[in-house]
Amino acid sequence: MLTEAQFTEGVAYARNNFQAEDSHLILDKALIKDKFDLTGMKVLDFGCGMGGMTLWYAKNWNCEVTGVDIDNHHITIAQHLQQELHIDNARFEKRNIMTNPFAEKFDLVFINDVVEHIELNLLRRLLASVKKSLAKGGKIFISYPPWRSPYASHLTHIIKIPWCQFLPKPILNKMLEERNHIIVGEEEGTIKEVYTNLNHLTHTKLQEILDANGLRTLFRKSHTILNRATLLKKYNINFFPFDFLVTKEFLLVEPQT
């Protein structure tokens, strides 16, 4: 059951993702604004969470946006925020697209900060289902922190140590036990569950899954700590050992013809 405290926390988090330019999604927003014009599109936000980005797409473009998630708590909060913001060109629903696929087709599917949370064999099947939901010429945009990222553990906000996933397991487990707490989600109820269920995704692993599903990469942007320097801003610096500095990977993919 979604408690009042969880609800309040979730709405604040989703509202920040929607409106703040200093949220963890700032890179996603900047790249999406640079690469896409969603006007007139049918957009699917897969794994929409609490809806902040779904509503951001709908607010910034005259498009039709559908946000889906398997977590009841997330959808409840997303629908509340939609009503609060009076955004009409978005809808939210709880849906497992493998068992309940869409009859309609989408021009663009966003999968932001989702793929690293899904077991790899299941991810392969999910992307196959997403592919089937594409309209002719449709594309999929994927963003995620690769496992070597300083922030890939999803724990740095409570442990305050970048790359803490590489600490000796007994030390990390002790720190995690001391700081573990209940979160908003229904499917993953604690921060420890979130960390435990991470799939340690790398670009190589994701590329294998994309290849298996007949999805080709149109562009890849690897954002690293080094890109903060003006002279290096445009470059993909994702080779060893600089791959440990990649904070987020962005890919646009489409079905192979």
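Trainee: What should I know about the model before I start?

Mentor: It is a predicted model, where local features need pLDDT of at least 70, side-chain atom pairs count only at pLDDT 80 or more, and totals for chains, interfaces and linings use all residues. Residues are numbered from 1 along each chain as its sequence is written, and side-chain values use heavy atoms, leaving out hydrogens and water.

Trainee: What is the strand order of the open sheet?

Mentor: In general, strands of a sheet pair through backbone hydrogen bonds, either parallel or antiparallel. Here 7 strands run in the order β3-β2-β1-β4-β5-β7-β6, with mixed pairing. Strands are DSSP runs (E, at least two residues; helices are H or I, at least four), numbered from the N terminus, and two strands pair if DSSP finds at least two bridges between them. The edge strands, β3 (90–94) and β6, each pair on one side only.

Trainee: In which sense do β2 and β3 pair?

Mentor: Strand β2 (residues 64–69) pairs with β3 in the parallel sense, over 5 bridges. Gly 67 stands opposite Phe 92 in β3.

Trainee: Which strands does helix α4 touch?

Mentor: Contact means heavy atoms within 4.5 Å. Helix α4 (residues 72–85) packs on the sheet, touching β2 and β3.

Trainee: Is Tyr 235 buried, partly exposed or exposed?

Mentor: Buried means under 20% relative accessible area, exposed over 50%, and partly exposed in between (1.4 Å probe, protein chains only). Tyr 235 counts as partly exposed because its relative accessibility is 47%. Tyr 235 lies in the loop between β6 (215–224) and β7 (246–255).

Technical notes
Axes fitted to C-alpha atoms, helices over the stretch in contact; angles between N-to-C directions.
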